[in-house]
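Me: I have a structure open here and have not looked at it before. Can you walk me through it?

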Amino acid sequence: MTENKTKMSLRAPLVLLLICLCVTLLLALTHNLTAPFIAEARERTAVETRAGVCPEADRFAEAKAPAVEGLDSVYLAYAGDAVCGTVFTARSQGFGGEMTVVCGLDEEGRLTGCRITRHSETPGLGTKVADDAYLAGYAGAGRDEAAAMDGVTGATFTSKGLKEALAICFNAWDAGRKEGLW
Amino acid sequence: MNAKNILLNGIVKENPVLVLALGTCATIAVTTQAVNGLGMGLATMAVLICSNVVVAALKDLIPDEVHIPCYIVIIAGFVTIVGFLLEAFAPGLYDALGVFLALIVVNCLILGRAEMFAAKHKVGEAFLDGLGMGLGFTLALTAIGIIRELLGSGTVFGWQLLPQAVSPMSIFLLGPGGFFVFGCMIALVNRINVKRGLPLRNACASCPKVGFCGNAGEAGREVESCPK
């Protein structure tokens, strides 16, 4: 009887351990196999977004990002060999959580385009802020014009989040200009 | 149950969403757009088939005392693998599903079918059950998604069907609207099932005690003889 009990009580955790090991092995294999594809997919989306906000550019190169809070990354946009603009990625708080905004500024610090790449806003209300039709209105805007743009009705916090992120980008552009980065 | 019955069971008679009411969280959250409902359904079906097959294959090796953690590890493993594959080869769908992809692990449908069916049937039958339940899940999610997207955004799979002048009802994109459509569809399916003479409730499949109840049977069990 005691022997049976020992056998039963040892077998159970051993089987569980074995299953966990097999599953872990399988996961590690899949991760290794898919990692390059995942990195490629992410890079493709990032390049697409950059091209979308800075349509004149044909290539981008990462640049040094000035120390501005909320700024994620800066890319210089090149048309041929000349710098034609800069692409900023900034984060701010929306209504449902953090939102990530990517925007392009030309050499005078005016917006060439902006896109919201990540957000958790209310469908049908806050999500209108990410519509191409709405964001197209920001094209050509400088710092003050962008801040004075009409928000989306019924999505006050979401609109505020977008403007905050744009302000971060304008600040970063100013800081970079001062440092002589572009 | 023969192969055809097992397959059709999950699509009509015991449709996981509309009859068994399993996986409701994912259903309401993801069906704001028809294409997301379709994608989620297919991802869940993939995991369901894989986990059903593995559980059926290992059912004699897994001791009773640890069967639940074993099933969960297997299910979580497959969900993670599906996640990796989607992120690598279908990043649009991956982003759309977001956190709900990971939540497939706790979708009652998968653990429920593992306990209720795969643990007691052969690998081939478990495969068919996974396929049938997965198809039923996908069809229900896509149907609900089409209705909610049409009423809430005026589009279906991205095609603008409602004229621009007509303002869509955004409530259908939110929780309450989702439940409303869900409830109406359950009522509709119940109506159809009653007309065909099928029992109104197939209680055992969605009962939380299904793993412990000695009387747990398949579809058609009389509700009165359930000890709970």
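Reply: What follows is a short tour by question and answer, and the model is a predicted one.

Me: Start with chain B. How many helices and strands does it have?

Reply: Chain B has 10 helices and two strands. Along the sequence the pattern reads α-α-α-α-α-α-α-α-β-β-α-α.

Me: And how much of chain B is buried?

Reply: Of its 228 residues, 45% are buried.

Me: What share of the contacts in chain B, counting residues at least 6 apart in sequence, join residues at least 24 apart?

Reply: That share is 71%.

Me: Ok, cores. Which residues touch the most other members in the largest nonpolar core?

Reply: V17(B), L18(B), V47(B) and I104(B) do, in a core of 46 residues. Helix 1 (2–53) of chain A supplies at least two residues of this core, and so does each of helices 2, 3, 4, 7, 8 and 9 of chain B. Helix 4 of chain B gives the most, with eight residues.

Me: What does L18(B) touch, leaving aside its neighbours within four places in sequence?

Reply: L18(B) is in contact with A140(B), I144(B), F182(B), M185(B), I186(B) and V189(B).

Me: Which residues does the second core include?

Reply: The second core is separate and has 32 residues, among them V68(A), L76(A), F88(A) and Y138(A). As general background, nonpolar side chains in soluble globular proteins tend to be buried together.

Me: Back to helix 7 of chain B. Why is it described as largely enclosed by the rest of the structure?

Reply: Because seven of its nine residues are buried. The buried ones are L109(B), I110(B), G112(B), R113(B), A114(B), E115(B) and M116(B).

Me: Now S51(B). Is it buried or exposed?

Reply: S51(B) is buried, with a relative accessible area of 0%. It is found in helix 3 (residues 34–58) of chain B. Apart from neighbours within four places in sequence, S51(B) is in contact with I75(B), F78(B) and I110(B). One of those, I110(B), is also among the buried residues of helix 7 of chain B.

Me: What about E87(B), buried or exposed?

Reply: E87(B) counts as buried because its relative accessibility is 11%, and the cut-off for buried is under 20%. E87(B) lies in helix 4 of chain B.

Me: Which residues does E87(B) touch?

Reply: Not counting residues up to four places away in sequence, E87(B) touches I38(A), A41(A), R42(A) and Y94(B).

Me: And E40(A), where is it?

Reply: E40(A) is in helix 1 of chain A. With a relative accessible area of 44%, E40(A) is partly exposed. The C-alpha atoms of E40(A) and Y78(A) are separated by 22 Å, and the two residues are 38 apart along the chain.

Me: Different topic. How many disulfides are there over all chains?

Reply: The count is zero. C22(A) is in no disulfide, and the nearest cysteine sulfur, that of C20(A), is 9.4 Å away. C54(A) is in no disulfide either; there the nearest cysteine sulfur belongs to C84(A), 4.6 Å away.

Me: Why does 4.6 Å not count as a disulfide?

Reply: Because a disulfide needs the two sulfur atoms within 2.5 Å, and the sulfur of C84(A) is 4.6 Å from that of C54(A).

Me: Are those two cysteines, C22(A) and C54(A), buried or partly exposed?

Reply: C22(A) is partly exposed, at a relative accessible area of 48%. C54(A) counts as buried, at 3% relative accessibility.

Me: Pockets next. What is the volume of the second largest pocket?

Reply: Its volume is about 290 Å³. The second largest pocket is lined by 15 residues, and I19(A), C22(A), V54(B), L58(B) and I74(B) lie nearest its centre.

Me: Where does the largest share of that lining come from?

Reply: From helix 1 of chain A, with seven residues. Helices 3 and 4 of chain B also each supply at least two residues of the lining. By class, the lining has 14 nonpolar, one polar and no charged residues.

Me: Last one. Which loop holds A21(B)?

Reply: A21(B) is in the loop between helix 1 (3–13) and helix 2 of chain B. A21(B) has a positive phi of about 55 degrees although it is not a glycine. F157(B), in the loop between strand 1 (155–156) and strand 2 (159–160) of chain B, has a positive phi of about 50 degrees and is not a glycine.

Definitions and conventions. Residues numbered from 1 in each chain as written. Chains lettered and ligands numbered in written order. Predicted model: local features only at pLDDT ≥ 70, side-chain atom pairs only at ≥ 80, totals over all residues. Heavy atoms only, no water. Helix = DSSP H or I, 4+ residues; strand = E, 2+ residues; numbered from the N terminus. Buried < 20%, exposed > 50% of the residue type's maximum accessible area, 1.4 Å probe, protein only. Contact = heavy atoms within 4.5 Å. Core = buried A, V, L, I, M, F, W, Y, C linked by side-chain atoms within 4.5 Å. 1 Å grid on protein atoms, 1.4 Å probe; cavity = no way out; pocket = protein on both sides within 12 Å on 5 of 7 lines; lining within 4 Å. Points joined across faces, edges and corners; volume = space filled by probe spheres on them. Nonpolar A, V, L, I, M, F, W, Y, C, P; charged D, E, K, R; others polar.
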